[in-house]
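Please read it beside the model.

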Amino acid sequence: CGVSTGLAGFSLADAQGNWTGIDVDYCRALATAMFGNPDAVEFIPLSAQQRFTALQSGEIDILSRNTTWTLTRDASLGLVFAGVTFYDGQGFMVPADLGVESALELDGAEVCVQPGTTTELNLADYFRANSMEFTGVVIESFEQSLETFFSRRCQVYTTDKSGLAAIIANDAPDPDAYVILPETISKEPLGPVIRRGDDEFLAIAKWVLFGLIEAEEAGVNSANVDEMMESENPTVQRLLGGSDAMGEMLGLPNDWAYQMIKQVGNYGEIFEANVGPDTPLRLERGVNDLWTNGGLMYAMPVR
């Protein structure tokens, strides 16, 4: 499973090499559905420029690395997206003492950005659309780009807003010294990616994500999943491997969803544990809430 080289809340390894994050937990859920074991996965850290080549070459089986689903990536790289694990949007971060309150005040700024990303393209589009100039400070290494920003060699840092929140929470020398500007300048649907041509694996990758969301919709979580096995709700029975179990259609054990929910949690649990209000990132569910709560998370029916 290809992940980032270190983005709090999405894929980050501690000093002992233990990985955490939404992207990590998706791959743990996938491993649990396939093998019954959330540890049956190897995490490969990749830069933004390395990630697609690593997947195309077979170095990794799946890319789960805060990667935006776009037409170009979907149609021209020999890859296919399996869904959206997080709906995001690009923003800007500046030192608080600059006194900047809007991205429209950034004309002439030096902006740190990573190459090989939609971020770099959106940055150019936004400034051009608003008749502003900027100087891009393009650095491949995530760590070096942060060092450049924190040392004031660029006045602005741009990436997905969740990434900016992660940087302030995990990397900033003084979190109170930086602010995220209010503008959201793009749509960034982030999700897992596999190589084209493996339809069976694609089906599993999709339904693992749908299963995580469907479980939350049905009120099934890691704490009550054993109790819910006794539920008479037909959707819950199909999902957890009771009557009309459907695992065989995916080439999986009938308890595939039970195992991943029991050992990893449902989508809501994964969100809350990694980026929610009680974490350093302090993100609200927003558009990543269930559709029944006004969000965009909607599982295809397990039936």
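Thr148 counts as buried, because its relative accessibility is 7% and buried means under 20% relative accessible area, with exposed over 50% and partly exposed in between (1.4 Å probe, protein chains only). This residue sits in helix α5, where helices (H or I, at least four residues) and strands (E, at least two) are DSSP runs numbered from the N terminus. Neighbours within four places in sequence aside, Thr148 is in contact (heavy atoms within 4.5 Å) with Cys112, Val137, Ile139, Arg153 and Cys154.

This is a predicted model, in which local features need pLDDT of at least 70 and side-chain atom pairs count only at pLDDT 80 or more, while totals for chains, interfaces and linings use all residues. Residues are numbered from 1 along each chain as its sequence is written, and side-chain values use heavy atoms, with hydrogens and water left out.

Helix α5 is also part of what covers the buried residues of α6, together with elements that include β6 (86-88), β7 (90-95), β10 (156-160) and β11 (178-180). Seven of the 10 residues of α6 are buried, so this helix is largely enclosed by the rest of the structure; the buried ones are Ser162, Gly163, Leu164, Ala165, Ala166, Ile167 and Ile168.

A nonpolar core is a set of buried Ala, Val, Leu, Ile, Met, Phe, Trp, Tyr and Cys residues joined through side-chain atoms within 4.5 Å. The largest one has 72 residues, and those with the most contacts inside it are Ile62, Phe86, Tyr157, Val208, Leu240, Met260 and Ile261.

A second, separate core of 15 residues includes Ala103, Ala109, Phe127 and Met132.

Helix α7 (residues 199-217) has 19 residues and reaches 26 Å from its first C-alpha to its last, close to the 27 Å expected at 1.5 Å a residue, the expected span being 1.5 Å times one less than the number of residues. Just after α7, Gly219 takes a positive phi of about 75°. Met260 touches Val208, Gly211 and Leu212, and its partners also include Ala29, Thr32, Ala33 and Gly265, not counting residues up to four places away in sequence.
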